[in-house]
Amino acid sequence: MVYRSAVLSGETAPAARLAASLAERGIGCITLAVSSLKDPEAVAVLRTALAARSPDIVLAATAFSARDDAGFVLDAAACPVIQAYTIGAPRDAWAASGRGMNAADLAMQVALPEFDGRLSGFPISFKEEAEAVEGFSERRAVPDPAGIAALADRAAAWIRLRRTPRGKRRLAMVLSDYPARGGRAGYAVGLDTPDSARAIAADLAAAGFAAGTLPEAGALMAALTAGEPGFAVPLADYAAWFEALPDERRAELTERWGAPEADPLCRDGAFRFRMVRADVAHIERLELKRPLTVAPACRADDEVVATLSPRAGRGDAHDDAREADRAGLALFLQPDRGRAADRKAGYHDPDEPPTHAYLAFYLGLREGFDALIHLGTHGTTEWLPGKAVALSPDCWPARAVGALPVIYPFIVDDPGEAAPAKRRLGGIALGHLTPTIEAAGLTPEAAALRELVEEYSAASVLDPRRAGLIAEAILDEAASAGLLAGAGIDGDTPMADALTALDAHLCDLGETPFRDGLHVFGRAPADAAEPVRASAEAERAALVAALDGRFVAPGPAGSPSRGRQDVMPTGRNLTTLDPRSLPTRAATMLGAKAADAVVRRYLQDEGEYPARIVMDLWASPTLRTGGEDVAHALALMGVRPVWDHASTRVTGFEVLPLALLDRPRIDVTCRVSGAFRDTFPETLALLDRAARAVAAREEEDEENPLAAARRRGESAARIYGAAPGRYGAGTAETALDGAWEARADLGRAYLAATTHAYGDADGADADFAARVAAADAYVHAFDVAERDLLDGDAAADAMGGFFAAAASEGRAPALYSLDVSNPEAPRPRTAREDVARLIRGRLGHPRWIAAQLRHGYRGAQELAQGLDAVFVLAAATDAVSSEDLDRLYGAWIADPEIFEALKAANPEATRAILERFEAMRVRGLWQSRRNAAPTDAMMAAE
């Protein structure tokens, strides 16, 4: 499907070349030229053609989105729709670009077509300068043979999957081994992966696939982590594939990893990996031995697809043995993309190619299976080096998965990471439910204190003398329970203020939300509400549809706990937002409220307005909220977006006069995540231009610190992040997995990971360190209550790195954990307050612990993940007290029943937890009143 305008202008070469490439693979096609999918006449013609042809695949070289109701014309095809990118730049410019597309193409050809349910393909043409005729020159669309071949291979693979009977399909399921720490194999955000794998196997068997039962979760994970390797990819086969790579790719791999045969996973002439087959419920052996012959091209009509050989469309690799053609479901653990010694540090490194073993593993999957299910958020393939979008077939993600259809069950509230997964792997990001959210409630100890506070309130009216005695008892009890610091109470706090603060803190603890366990794919609790039950059913149906090579409807990503009921039912191909529409009007109002709350809190704490603030911008919160965090940054500067009223796109901004602000402007520095950088190039430019416009104003220094900085000759850059292709803030991986001696080392890692300025002045810039050193405060906003400061190490990575870097300059800026889960009532807490709240109200709470341990092996990982976040903050900031750590140790380790359950569920995660506690003790981060046995002794004890 192409634009009619391309035909009228004579730019038919890309479509003709694509049709020829499909014919070479035995696939017949017709090409339809449309004016627009919003043109009723064109839609009628297309609808008639789809009904007459019943296509197996649709390849679309049209842009934008035309979906406006459930009767969208392309839905009638009931097959995958793959986007063919027509790049509006010369090929050389695209080849040199890490982003792959400019902002306009990203919106029109990627983000918007996803609303129609389209999958990512490859570039099929570039605009090149044609030879001038009589003094006139023009740019013409020139076909790209490599991209066209890769797109045709991907189309053939989806057709192959669709035409293969269910009972004969060979399905691979891969579980992540990220974040690559003790006992974390199979980790996925919010998902019980072992039980989900078992549930999926049962669902597929019921639907007629050749899949049987899987072992129970503990035995399954033991087989995947410690069993004998049962899947072998011959070295000779990999060597043949390796020799076909471009010279620079071979040199890159050899320079970094040496010869293929030197890889540690290459033994006895083959790369060997563990595998569990669902059809026999125990480890099987599978060897790829010899190529099969590809059937010759047949006539290009509708019937020839059925004559494709078992491996037609697989492109650059050869066929496996007939025993590898065995139908069924096989499970694997994703191999390291690097070496075990520096596993996590290399996961997001744009200069680090994957190992020979990693590439051999995916070669084996391409040759032995018809489709890949990557189970849960998230793996490593989508983060391999290469372009952000519009990948070349030579980019490492494309080299790894090739044409293999990828179905990626992904948590519905993480659009920022779902987008790279679907755009870089060309697959379906199949949204699944978040876990059920519950309020913690008070522990008996805290509940008794709350009763005393209520008794004090009554006595203060009827019996003031008795009230005074109760007040003293309350504070004594609170001190014994370790509650004063978390409530912000010290020896100088007046009694009345202390009781008010304690009461508020107790309410906060009782309302602390947490995930009540983990989601199991396609399953709902027995007492679940109808939308949850409908989502479970939709997840099961959508996975089968995807594995049938049928169309999976698109659906929005977002957080159900924040009121986004439109994300249910889940089981849809996740979409994001038009990046040009951010921040939305509603988000701008809510972002301004958040900004006001932060300013008020700082004024309350410090007695003056903040002059300089550093804040984080991440892709998922921005997408979930419509850009509230972006609006927050603009509001602090005294800037408001301007929209085009017809399209709702942001077209610019206005700098508000100081009289409307009723406070000084604030100099805001934004550190953006790698996913934000890749997703929102126009927003980067908006923020950069806004900061420069504010700096250019002639206002008093005390009213406009940005202008004051300009007059001092300081850099105007205010939007910073990691270098193109790099991700993360550097602190957590150093603290948890690296070699470091002092807090200053963690600060240096943070600054080393923040080397580029973005916006109109895009490039390397070392001035971020000066912005950190000058900051009065740091803000990280949490828009989803259950995704809090201690939920994994990402937020601790950013906050801890900032504070460690500032501390190395002798500064101690305020750290604010901004809760905007209720955007109408934003609540800034200090990091110290939030850590105390979360340890008492979640990590150390008996209900949360029991909810996670219901999930055995996988649930134990949640405890280990939480402690990693605590460790990073303890190492990099002053937000974690020894009392906090005593409480956590007491809840997990000193309680014999909990410890034994933890050890039985996941011994490696338990060992990692013990070692983390010991590391905090040894480093002086924990001055414990407890005696703890050595890790080995505790693990060995019965």
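Predicted model: local features only at pLDDT ≥ 70, side-chain atom pairs only at ≥ 80, totals over all residues.
Student: What volume does the largest one have, and which residues are closest to its centre?

Tutor: The largest cavity has a volume of about 1000 Å³. It is lined by 45 residues, and the closest to its centre are His-378, Glu-417, Trp-618, Ala-794 and Ala-795.

Student: Which elements give two or more residues to that lining?

Tutor: Those elements are the helices α14 (415–425), α20 (619–625), α23 (674–679), α26 (731–737) and α29 (794–807), together with the strands β24 (667–672) and β28 (777–782).

Student: And how does the lining split by class?

Tutor: In the largest cavity, 20 lining residues are nonpolar, 12 are polar and 13 are charged.

Student: What about the second largest cavity, how much space is in there?

Tutor: The second largest cavity holds about 160 Å³, and of its 16 lining residues Pro-621, Asp-629, Ala-781, Phe-782 and Val-820 lie nearest its centre. At least two lining residues come from each of α19 (585–606), β21 (612–617), α20, α21 (628–637) and β28, while by class the lining has eight nonpolar, four polar and four charged residues.

Student: Switching to rings, how many aromatic pairs are counted?

Tutor: The count is 23 aromatic pairs. One of them is formed by Phe-917 and Trp-926, whose rings are tilted at 50 degrees between the planes and lie 5.4 Å apart, centre to centre.

Student: Are those two buried or exposed?

Tutor: Phe-917 counts as buried because its relative accessibility is 1%, and Trp-926 counts as buried because its value is 2%, where the cut-off for buried is under 20%.

Student: Which rings are linked into a cluster?

Tutor: Ring pairs link Phe-231, Phe-273, Phe-332, Tyr-358, Phe-361, Tyr-362 and Phe-369 into a cluster.

Student: Which arginines lie over a ring?

Tutor: Arg-256 has its charged end over the ring of Trp-257, 4.0 Å from the ring centre, and Arg-916 lies over the face of Phe-871, at 5.2 Å from the centre of that ring.

Student: Now helix α9, which of its residues are buried?

Tutor: In α9, which spans residues 235–243, the buried residues are Leu-235, Asp-237, Tyr-238, Trp-241 and Phe-242.

Student: Why say that they line one face?

Tutor: Seen down the axis of α9, the buried residues fall within an arc of 160 degrees, so they line one face of the helix. The face turned away from that buried side carries the exposed residues Ala-236 and Glu-243.

Student: Which non-glycine residues have a positive phi?

Tutor: Among them are Ala-78, with a phi of about 55 degrees, and Asp-662, with a phi of about 65 degrees. Ala-78 is in the loop between β3 (58–60) and β4 (81–87), whereas Asp-662 lies in the loop between α22 (658–661) and β24.

Student: How accessible is each of them?

Tutor: Ala-78 is partly exposed, with a relative accessible area of 35%, while Asp-662 counts as exposed because its relative accessibility is 67%, and the cut-off for exposed is over 50%.

Key:
Residues numbered from 1 in each chain as written. Heavy atoms only, no water. Phe/Tyr/Trp six-rings, centres within 6.5 Å; stacked < 30°, edge-to-face > 60°. Buried < 20%, exposed > 50% of the residue type's maximum accessible area, 1.4 Å probe, protein only. Lys NZ or Arg CZ within 6 Å of the ring centre and 35° of its normal. 1 Å grid on protein atoms, 1.4 Å probe; cavity = no way out; pocket = protein on both sides within 12 Å on 5 of 7 lines; lining within 4 Å. Points joined across faces, edges and corners; volume = space filled by probe spheres on them. Helix = DSSP H or I, 4+ residues; strand = E, 2+ residues; numbered from the N terminus. Nonpolar A, V, L, I, M, F, W, Y, C, P; charged D, E, K, R; others polar. Arc of directions from axis to C-beta.
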